[in-house]
Amino acid sequence: MLYDPGLHEPLTDETWGEGRARDAIARIVADTDAAFDPEQLWPAEEWDVYLATPPLKDLYVGASGVIWALDALRRRGLAQTSIDLPAAAARTLELWRELPDYAQGDSLPEAAASALLTGESGPLIVAWRLAPSVELADELYARVRENVANEAVEIMWGAPGTMLAARAMLEWTGEERWDEAWRESAESVWAARDDDGLWTNRLYGETFRSLTAPHGLVGIVLALRHDPRREQLERETAAALAGLAVREEGLVNWPTREAMDAPRLRLQWCAGAPGIAAGAASYLDEDLLLGGAELAWQAGPPGMEKGSGICHGTAGNGHAFLKVFERTGDELWLERARRFAMHALGQVERRGNGRYSLWTGDVGVALYAADCIDGASRYPVLESWD
């Protein structure tokens with residue numbers, strides 16, 4: 001079996017409506033505004049707060065991600081927040097320095113504080129984006145350089161993640177030091193590559209080789225997309241993914257890690273075909289891309305246990321459809337992406353709003369709905385900072 005049907009639910013009958021999507025985005029922003037406390041930020045979901053103490057501050061499931069999303073929706077003209085975002089970002093950074101979200105965890109990388117999604121680099125780049133200063137830029141630059149040669153070779157904790165921050169700062173400032181920092185990290189990532197084109201990740205007391213966007217191959221290749229060796233890397237990665245694909249009657253899935261039994265296959269952005277399709281859409285063999293996306297469509301949206309978000313929920317799976325539409329131009333895939341947007345927004349409403357994080361919460365769904373309005377994927381941070 002290519003996936004567990006018990007983790008999915010029937011797709012909503014509600015058809016796409018741009019006005020409905022815009023209204024839902026506005027409601028999510030209004031709810032997020034209402035729940036905000038200038039001192040204690042936002043309440044945290046139990047899953048998000050695992051091995052942490054609220055309030056959460058990081059980019060992945062904490063306040064930095066929420067603040068960034070509110071700013072992105074504002075810049076895209078879709079909703080106006082009432083929150084003083086620069087002040088909220090400064091408070092988030094202050095609270096992170098008092099108690100990092102990962103402080104109660106163990107078996108973390110030595111340079112954990114430098115991580116983009118879970119460390120200080122996330123709060124720093126969000127704070128700089130909202131109120132640029134030399135001091136914040138210098139502190140972020142130091143974090144990026146501290147993360148070179150991190151034993152966790154991945155987006156969430158390692159150098160591939162802070163490479164995304166360095167590249168964004170290069171584009172925003174034009175300062176040569178960010179290009180140098182990006183290249184320094186890129187060389188360390190290339191040096192860690194195994195002979196067969198995969199990367200070995202050392203994290204949480206485990207050693208494994210992952211294919212996923214947050215923890216492995218597809219995310220690393222995204223981080224290296226500005227490298228002059230990109231074409232060769234993408235050809236070799238496409239070949240590796242073809243060799244590791246699990247196929248059944250024209251449908252395709254991938255294991256989360258290189259050696260994983262088929263019964264454990266999942267269908268999520270962070271684990272399985274949706275994330276592989278979304279991250280590798282530009283270079284993956286087209287039959288594999290279509291087979292993976294078709295499997296995600298036939299399976300239906302992840303159920304309420306997994307939720308609506310962009311990490312392991314409905315919106316994350318929908319990004320695969322947007323990427324297939326971008327590559328093929330086939331309007332069918334845009335229609336499917338939009339149907340998943342309606343379902344994800346409905347899941348937010350069924351739950352009663354109230355989940356305040358970027359990757360697992362409501363603002364991530366709002367950004368996905370915004371992408372469906374535009375008909376183009378801007379997966380947060382990995383694809384776009386806008």
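## Exposure classes and overall form

A residue counts as buried under 20% relative accessible area, as exposed over 50%, and as partly exposed in between. Glutamate 349, with a relative accessible area of 36%, is therefore partly exposed. The model discussed here is predicted.

The chain contains 14 helices and six strands. Its C-alpha trace spans about 55 × 50 × 35 Å along the principal axes. The radius of gyration is 19 Å, which agrees with the value near 21 Å that a compact globule of 386 residues would have. Of the 386 residues, 62% count as buried. Among contacts between residues at least 6 apart in sequence, 70% join residues at least 24 apart.

## Surface and charge

About 14,500 Å² of the chain is accessible surface, and carbon and sulfur atoms account for 47% of this area. The structure holds 38 salt bridges.

In one of them, the side chains of arginine 350 and glutamate 9 meet with an N to O distance of 2.5 Å. Arginine 350 belongs to helix α13 (residues 331-351) and glutamate 9 to the segment before α1 (18-35), so this pair ties together parts that are 341 residues apart in sequence. Arginine 350 is exposed, at a relative accessible area of 51%, whereas glutamate 9 is buried, at 16%.

Another salt bridge joins arginine 20 and glutamate 349, whose closest N and O atoms are 2.8 Å apart. Arginine 20 is in helix α1 and glutamate 349 in helix α13, so the pair ties together parts that are 329 residues apart in sequence.

## A buried pair between two loops

Arginine 355 forms a salt bridge with aspartate 48, and the closest N and O atoms are 2.9 Å apart. Arginine 355 sits in the loop between α13 and α14 (362-374), and aspartate 48 in the loop between α1 and α2 (63-75), so this pair ties together parts that are 307 residues apart in sequence. Both arginine 355 and aspartate 48 are buried.

## Helix α2 and aspartate 386

Alanine 72 is part of helix α2 and is buried, with a relative accessible area of 0%. Leaving aside neighbours within four places in sequence, alanine 72 is in contact with Leu367 and Asp386. The C-alpha atoms of alanine 72 and aspartate 386 are separated by 5.6 Å, although the two residues are 314 residues apart along the chain.

Aspartate 386 also takes part in a network of salt bridges, in which it is linked with Asp71, Arg74, Arg75 and Arg129.

## Threonine 256

Threonine 256 is found in the loop between β4 (251-253) and β5 (267-268). Threonine 256 has a relative accessible area of 11% and is therefore buried. Apart from neighbours within four places in sequence, its contacts are Ser210, Leu211, Thr212, Arg266 and Ala271.

How values were computed
Residues numbered from 1 in each chain as written. Predicted model: local features only at pLDDT ≥ 70, side-chain atom pairs only at ≥ 80, totals over all residues. Heavy atoms only, no water. Helix = DSSP H or I, 4+ residues; strand = E, 2+ residues; numbered from the N terminus. Rg over C-alpha atoms; globule rule 2.2 N^0.38 Å. Buried < 20%, exposed > 50% of the residue type's maximum accessible area, 1.4 Å probe, protein only. Contact = heavy atoms within 4.5 Å. Areas by Shrake-Rupley, 256 points an atom, 1.4 Å probe, with all protein chains shown as cover. Salt bridge = Lys/Arg side-chain N within 4 Å of Asp/Glu carboxyl O.
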